[in-house]
Amino acid sequence: MEITRITSTKDKLFNPIWDIYTTSFPLCEQRTIDHQQTAFRSELYHLDCYTENDKIIGLLGYWDFPNYLYIEHFAINNALRGGGYGSRILESLLKSTDKFVIIEIDPQIDEISLRRLHFYERLGFKKTPFIHPLPIYQPQNHQDMDLTILTYPEAISEDFYNQFNNDLHDIVMKS
């Protein structure tokens with residue numbers, strides 16, 4: 001699998017991965033194009049496109065902070081889900097860093113959300129006890145929802161969570 005870092009909405013791979021992005025996440029969890037362009041201006045932000053044999057596999061959008069990585073968006077091409085690509089991409093990321101990795105997932109209210117939790121737990125993520133409201137990406141489409149915070153390789157402390165939450169509001173959502 002090849003990884004290409006996307007650094008602009010003008011990149012030739014941006015539109016195909018943006019299509020995956022917009023079909024994989026509800027509006028309340030999506031950046032607008034303007035918000036995405038702002039994120040690209042941060043050196044902390046990475047948007048990686050994964051391809052294999054000229055086929056777009058998926059995307060991984062994350063923030064590389066000094067002591068942790070925050071996965072903001074992760075999606076696999078719908079036509080390729082269930083083929084092991086998601087596990088391979090995340091396992092590769094986890095092996096490439098000695099930092100904590102943090103991801104938010106929807107509340108576990110149905111079979112799909114439970115499967116998502118189990119997917120991450122199989123990779124070694126740990127569920128934390130922190131109540132974490134969905135960040136406001138698009139005020140007109142916002143939904144009040146508490147997300148589950150998962151961390152790798154182990155659960156984080158409350159102080160660590162507070163640092164992440166502050167970075168999320170002060171840097172990620174401002175970018």
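These legends accompany close-up views of aromatic rings and cysteines in a predicted model. Local features here need pLDDT of at least 70 and side-chain atom pairs count only at pLDDT 80 or more, while totals for chains, interfaces and linings use all residues. Residues are numbered from 1 along each chain as its sequence is written, and side-chain values use heavy atoms, with hydrogens and water left out.

**View A. Phe40 and Tyr45 form a ring pair.** The structure holds 16 aromatic pairs (rings of Phe, Tyr and Trp, the last by its six-membered ring, with centres within 6.5 Å; planes under 30 degrees apart are stacked, over 60 edge-to-face, the rest tilted). In this one the centres lie 5.9 Å apart and the planes meet at 65 degrees, so Phe40 and Tyr45 are edge-to-face. Phe40 is buried at 14% relative accessibility, and Tyr45 is buried at 4% (buried is under 20% relative accessible area, exposed over 50%, partly exposed in between; 1.4 Å probe, protein chains only).

**View B. Phe125 meets Tyr152.** Their centres are 5.7 Å apart and their planes at 50 degrees, so this pair is tilted. Phe125 is buried at 2%, whereas Tyr152 is partly exposed at 22%.

View D. The structure holds zero disulfides (cysteine sulfur atoms paired within 2.5 Å).
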